[in-house]
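Please take a moment with the sequence and the fold before reading on. The paragraphs below go from the overall division of the chain to its sheets, helices and ligand surroundings.

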Amino acid sequence: NGSAVVTSPQNTVEGFVKEFLRELSFGQGVTLERASVNDQYLALARTVRQYLMARWLETLQRQREAQAKSVAYLSAEYLLGRQLDNALLATDLTEVVEEGLASLGIELQTLRDQETEPGLGNGGLGRLAACFVDSLATMSVPCIGYGIRYDYGIFRQTFVDGWQVEQPDNWLALGAPWEFPHPEAAVTVHFGGRTETYDDEGVERTRWVHDWDVLGVPFNYMVPGYQNGRVNTLRLWSAKATQAFDLQIFNSGEYVDAVRAQTFAENISKVLYPEDSTPQGKELRLQQQYFFVACSIKDFVDYVLPEDFDLHRLPERIIFQLNDTHPVIAVPELMRVLVDEKKWDWDEAWAVTQQCFAYTCHTLLPEALEVWSVELMGRLLPRHLEIIYRINEEFLAEVAAKHPGDDALLERMSIIAERPERSVRMAYLATVAGSKVNGVAALHSDLLRDKVLPDFSAYWPDKFTNVTNGVTPRRFVRLSNPALSELITEAVGVGWVTDLERLRGMEPLADDQEFREKFRAVKAHNKERLSTLLQARDGITLPADAMLDVMVKRLHEYKRQTLKVLHIVTLYDRVLRGELDPATMQKRVFAFGAKAAPGYHMAKQIIGLINHVGATINDDPRLGGALTVVFPPNYNVTLAETLIPAADLSEQISLAGKEASGTGNMKFALNGALTIGTDDGANVEIRELVGDDNFFLFGLLEPQVADLVAAGYQPGRYYEEDPALKRAVDLIASGTFSGGDGSVFAPLVQNLLTEDRFLALADYRSYIDAQDRVDAAYADVEGWTRSAILNVARSGFFSSDRSMWDYIDRIWHTPPVVSR
Ligand code: 26Q
């Protein structure tokens with residue numbers, strides 16, 4: 001038993017201090033007296049991970065023995081957030097460490113704040129992957145997360161005069177104590193070249209004559225379960241130039257060029273693409289996708305499985321879950337391995353491959369569906385393109401046999417699109433290859449079935465299913481909201497951390513006056529904590545006793561940050577016109593957090609608008625501080641952890657039918673904010689669960705949106721017919737927020753009045769009326785608190801543990817491997 005060689009340090013203050021001091025001297029090479037905060041942080045991280053090591057090795061061992069089926073989660077993004085606190089929680093070491101550090105005159109919080117979060121994702125999809133691997137570890141389900149170790153994660157956002165400016169996110173600069181590099185286990189990945197056929201003892205086969213290659217170096221990360229002795233693995237791949245690559249170029253004698261050429265290979269894992277909704281079809285992006293997927297398949301087949309494993313039984317041991325289409329190139333890659341390398345027949349390879357994949361779709365926007373031009377794919381991955389063509393041929397032949405003569409159907413279902421450019425439709429490939437296809441919220445799965453992939457769902461009705469997203473209660477309640485956690489534990493016991501439906505036990509306490517007071521004290525405490533953070537982080541001062549109204553998410557037109565701005569401007573206008581008295585009106589702080597894709601000009605305009613409106617309103621003495629707009633830059637997981645627990649109101653105002661699920665919406669409800677939201681994504685399920693009385697619904701329903709668009713939507717008519725809307729738009733257009741210069745926001749205004757793709761103007765009146773109801777409800781302190789408590793008590797469904805059970809039950813069939 002290999003695990004016997006590792007023993008954890010003693011789980012006591014003395015045991016911890018001894019190990020911490022050893023890490024400082026032998027790991028960091030410094031004395032306590034001379035150690036910097038970073039030295040202390042790195043030593044602490046290395047000490048804490050020691051406590052996880054025996055469990056990690058034991059988990060691997062146990063899994064090998066059990067020969068259980070594993071989930072291989074394939075995701076181009078993992079938005080992990082900081083690791084230290086999560087590791088302390090998993091090992092239940094927080095108090096020991098706090099005390100031990102204090103005995104050395106060190107504050108734990110100072111070291112927590114030294115950690116740079118790994119921002120290896122854009123937003124919802126990447127954070128979801130991080131929640132899922134947390135839940136699987138906590139549930140003792142075997143899982144390997146596969147992804148890319150980007151040298152640079154999502155950019156650091158700064159504002160210059162209110163406009164977004166991006167800075168590189170050098171998250172590795174101060175050391176990376178949570179990763180375990182394994183250069184000796186690197187795998188080679190090929191690119192380019194051509195294919196040729198050859199005679200293999202009378203059988204004609206194809207081989208790929210590749211042109212260049214790259215090494216994939218695995219970096220392992222621990223994924224600790226919550227106090228259950230289990231540690232799963234996240235394996236992120238980093239690109240290195242190969243020897244062959246070096247030699248080839250160095251031999252040409254151009255030494256300096258050769259060294260420079262190395263960086264070409266290493267560019268593959270250099271940077272995360274910061275787009276999250278309109279993929280640009282960039283070559284490097286396809287290289288990234290193939291790179292990590294090829295490494296992962298090779299890793300699983302050659303190293304994770306036993307040496308003599310019969311690959312015909314692969315579906316008994318693995319399910320590759322495709323996190324959106326980004327890893328779909330894994331499908332032709334597995335086919336290539338089985339057909340070209342293992343020399344299987346096409347049909348038997350296809351039968352196995354189909355059982356090994358399942359696909360999750362995360363979007364409804366047509367422009368977000370990934371396609372790759374045949375030209376590019378043929379140049380980079382010629383053999384994969386051939387395999388995709390063959391998959392398509394056989395699939396269409398099958399469809400044609402069932403629907404003779406329906407050429408239009410064949411054209412619609414073809415994996416290869418002919419227009420506007422011949423290209424591969426990755427979502428179709430995933431759907432054809434996957435054993436299951438799921439959406440991420442009930443409404444989304446319905447729309448996916450009926451609007452995005454209607455021909456496929458008619459063809460394979462049983463392939464389509466729903467798994468509503470969830471979030472991990474460890475990070476997003478237990479760690480991020482200690483005060484609420486204590487109150488919940490008082491009310492229902494400690495079990496809720498791994499069994500979130502137990503929050504239901506709090507329901508009766510919504511009617512308990514004393515409990516409501518405690519609940520309000522928790523909110524007040526969290527606002528205080530946020531206030532302190534924003535002051536230190538950004539020099540932002542939050543006014544006291546205001547409603548905290550929060551909209552945090554990526555900046556996108558479909559999410560409608562602009563609608564939020566129109567509300568703020570309307571309130572401003574009402575005060576200026578004397579319709580509202582700043583002395584008596586509901587005091588509000590509007591908090592925004594949002595990054596715009598660097599090339600998305602309209603999104604950047606909207607960021608500029610929010611900041612300019614904020615600057616004007618915050619400074620206007622006529623408002624007497626009744627309205628405040630704050631927009632701390634660089635919203636990330638770490639900021640979310642302090643911001644969300646302080647919120648009173650959660651803004652989930654996307655146009656109905658556009659937000660696949662949302663997961664921020666769940667985090668807010670679980671932390672006792674009320675939602676103002678449209679009938680979209682998981683909002684639908686949140687409202688059903690928390691009840692109509694505890695949710696502010698507004699806006700068109702999805703079918704109404706479809707009808708309005710079909711009838712020819714004219715935003716100008718709403719502008720003309722609603723005087724308050726007209727005044728709000730005119731204030732922006734006239735330069736009120738841009739020093740009198742109306743041209744600054746002219747493109748945005750013009751777009752709203754003539755196009756307004758996401759119907760902000762159509763939902764304006766309904767939104768404003770709902771906001772007025774929010775103000776009235778907030779004035780009823782006891783009623784509001786009651787609703788907030790009910791939001792918490794009824795949101796247990798949104799644990800990612802429940803999502804994982806649903807995947808296991810409907811898609812994966814991977815039972816937990818329990819401890820001996
Ligand atoms: C693809 C190709 C090229 C470059 C970038 C991309 C790319 C990267 C990231 C495309 C999409 C994304 C991210 C999408 C995303 O985060 N979607 C969100 O997923 C959440 C989890 O399911 C949902 O809750 C959100 O509704 C959905 O918007």
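Into which domains is the chain divided? The chain falls into domain 1 (14-66 + 95-115), domain 2 (67-82 + 117-468 + 805-812) and domain 3 (473-798), with bounds that come from an automatic or database domain assignment. Taken over C-alpha atoms, the centres of domain 1 and domain 3 are separated by 39 Å. This is a predicted model, in which local features need pLDDT of at least 70 and side-chain atom pairs count only at pLDDT 80 or more, while totals for chains, interfaces and linings use all residues. Residues are numbered from 1 along each chain as its sequence is written.

The ligand is surrounded by 22 residues, where a residue counts as near if its C-beta atom, placed from the backbone, lies within 6 Å of the molecule; the closest are G124, L125, P279, A660 and S661. At least three residues of this shell come from each of domain 2 and domain 3. By class, the shell holds 6 nonpolar, 11 polar and 5 charged residues, with Ala, Val, Leu, Ile, Met, Phe, Trp, Tyr, Cys and Pro counted as nonpolar, Asp, Glu, Lys and Arg as charged, and the others, Gly among them, as polar.

Helix α6 (residues 124-138) gives the most to the shell, with 3 residues; helices (H or I, at least four residues) and strands (E, at least two) are DSSP runs, numbered from the N terminus. The helix α6 also packs against helix α33 (residues 800-812) at an angle of about 80°, with the two axes 9 Å apart; axes are lines fitted to C-alpha atoms, for helices over the stretch in contact, and angles run from 0 to 180 degrees between N-to-C directions. That angle makes α6 roughly perpendicular to α33, a term that covers 65 to 115 degrees. In this packing, C131, F132, D134, S135, L136 and T138 of α6 meet S800, D801, S803 and M804 of α33, contact being counted when C-beta atoms, placed from the backbone, lie within 7 Å. In the loop between α6 and β4 (143-148) sits S140, whose phi is near 60°, a positive value in a residue other than glycine. Most residues other than glycine have a negative phi, and most peptide bonds are trans.

Another part of the chain holds an open sheet of 6 strands in the order β22-β21-β20-β23-β24-β25, with parallel pairing; two strands pair if DSSP finds at least two bridges between them. Because β22 (627-630) and β25 (695-697) stand at the edges with a single partner strand each, one side of each is left without a neighbour in the sheet. From one strand to the next, the twist averages 20°. Strand β21 (residues 588-593) pairs with β22 in the parallel sense over 4 bridges, and V629 in β22 is the bridge partner of F590. Helix α26 (residues 683-690) packs on this sheet, touching β23 (649-652), β24 (674-677) and β25, and its direction makes about 130° with that of β25.

A further open sheet has 3 strands in the order β15-β17-β16, with antiparallel pairing, and its edge strands, β15 (371-373) and β16, each pair on one side only. Between β15 and β17 there are 3 bridges, and W372 has V424 of β17 as its bridge partner. Helix α16 (residues 426-433) lies across β15 and β17, running at about 50° to β17. The loop between β16 (416-417) and β17 (423-425) contains P420, which a cis peptide bond, with omega about -5°, joins to R419.

Technical notes: Two residues are in contact if their C-beta atoms, placed from the backbone, lie within 7 Å. Angles under 35 degrees count as roughly parallel, over 145 as roughly antiparallel, 65 to 115 as roughly perpendicular and the rest as oblique.
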